[in-house]
Amino acid sequence: MTLPENLERVLPEIGRDLFDVLVIRTDFGDDEAWNVVVEELYRSWGPGGEFAAAVQLIDSPAWSGATTDEVLAAVVDEDLIVVFLADRGTMKSSARALLALSTVWEDVSGLDPVYYQELIESPDPREFRALPAAVHGVQMDLALGNVDFAECARAASAEADQVLRPD
């Protein structure tokens, strides 16, 4: 897909708290599905719904069709641990599960294979799917260091549909 000349895939400077969820819309084929996702994202969350939702939405046609690599290349915020995409999979699924992408990873290409064979052969997962109602908990747990990204990905993969749900 070729972008119009005046559109760039750059993340705007946003005032973001450590617990704010960043969601980038990359599929623009179904506005009704997107509205459902947004509504879910802005619902209070936590046990009994005691926490207000803190969401930063990037809803720009410049991101239409962006790949995960393009999104990750645009991430320059060193404090950002995870970014969520509302991609084609989100819009086509009845669960509206967002794609969670880890923005932190280790380059294992230069590791000595004698000492780090397991890490080289089985790198940590870079993505998983999560319901909109689960992303706030994911963001908080990752920000606080309660769990790491791989633990969230394993929890998602343990579900029959491979989608993480809120606790």
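A: L18 is partly exposed, because its relative accessible area of 38% falls between the limits for buried (under 20%) and exposed (over 50%), taken with a 1.4 Å probe and protein chains only. This is a predicted model, in which local features need pLDDT of at least 70 and side-chain atom pairs count only at pLDDT 80 or more, whereas totals for chains, interfaces and linings use all residues. Residues are numbered from 1 along each chain as its sequence is written, and side-chain values use heavy atoms, with hydrogens and water left out.

L18 is found in the segment before strand 1, where strands are DSSP runs of E with at least two residues and helices are runs of H or I with at least four, both numbered from the N terminus. Together with F19 and L144, L18 forms a nonpolar patch on the surface with about 260 Å² of accessible area. Such patches take residues with over 30% relative accessible area and no salt bridge, joining nonpolar side chains (Val, Leu, Ile, Met, Phe, Trp, Tyr) within 5 Å and like charges within 9 Å. A salt bridge here is a side-chain nitrogen of Lys or Arg within 4 Å of a carboxyl oxygen of Asp or Glu, and the areas come from the Shrake-Rupley method with a 1.4 Å probe, only the protein chains shown counting as cover for residues.

Turning to the sheet, six strands form an open arrangement in the order 2-1-3-4-5-6, with mixed pairing; two strands pair if DSSP finds at least two bridges between them. Strand 2 (55–58) and strand 6 (163–164) are the edge strands, each pairing on one side only. Strand 1 pairs with strand 3 (residues 82–86) in the parallel sense over three bridges, and I24 stands opposite L85 in strand 3.

With a relative accessible area of 6%, T26 is buried. Leaving aside neighbours within four places in sequence, T26 is in contact, meaning heavy atoms within 4.5 Å, with W63, S64, G65, A66, V71, L85, A86 and D87.
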